[in-house]
Amino acid sequence: MRVIVWLVEGTWPACVDAVRTHAPNASEVVLLHVTGPDVPGVAHGAYAGLLGRGHPERDPGNRLEALGGSSAAELLTAAAERLGRPCTREERTGRVERAVVAAAEGADLLVLARDGDRSRLGPHSLGPAVRFAVDHAPCPVLLVWPEPAPDLGTIPPPPPHHH
């Protein structure tokens with residue numbers, strides 16, 4: 001069994017714990033972190049457009065790329081330690097939701113956490129990237145709550161019946 005675990009800052013421990021609980025010990029586990037291109041790209045563009053003519057060494061986008069890489073490596077290391085069994089660590093960059101779906105090709109399970117409004121049950125508990133991954137994953141998906149799930153009383157009432 002090949003299990004892809006999408007790790008995101010703030011919710012990754014729940015995903016790792018779900019693998020420890022639900023995936024057989026003999027599973028091939030891939031810890032995946034995806035860095036989107038947007039933050040360094042915005043910094044590069046802002047600097048070039050406003051301040052950077054003639055001083056590329058001062059471009060803050062380069063520093064943000066380096067920080068993102070070290071942050072991803074630290075997160076992957078922490079996740080591997082929490083998992084406590086052999087795994088592969090994979091870093092990707094690009095459109096996050098599409099990179100996750102691509103990584104899930106050929107997998108037997110994709111594990112990911114809710115990233116939207118987690119104060120109540122319902123579709124708003126999924127942000128756009130997770131919604132895309134759930135809708136397009138080419139394998140079964142295990143969707144976990146990063147903390148205990150809200151109470152059933154948080155489900156909104158049904159709409160009024162129309163005749």
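User: Which residues of helix H5 are called buried, and what makes them so?

Analyst: Ala 129, Val 130, Phe 132 and Ala 133 of H5 (residues 128–136). Buried means under 20% relative accessible area, with over 50% being exposed and partly exposed in between (1.4 Å probe, protein chains only). This is a predicted model, by the way: local features need pLDDT of at least 70, side-chain atom pairs count only at pLDDT 80 or more, and totals for chains, interfaces and linings use all residues. Residues are numbered from 1 along each chain as its sequence is written, and side-chain values use heavy atoms, leaving out hydrogens and water.

User: What do they pack against?

Analyst: Strand S1 (2–6), helix H4 (96–103), strand S4 (109–113) and strand S5 (141–144); contact means heavy atoms within 4.5 Å. Helices (H or I, at least four residues) and strands (E, at least two) are DSSP runs, numbered from the N terminus.

User: What makes a set of residues a nonpolar core?

Analyst: Buried Ala, Val, Leu, Ile, Met, Phe, Trp, Tyr and Cys residues joined through side-chain atoms within 4.5 Å. The largest such core has 21 residues, with Val 3, Val 5, Leu 7, Val 19, Leu 31 and Val 111 having the most contacts inside it. Helix H1 (12–22) gives the most to this core, with 6 residues.
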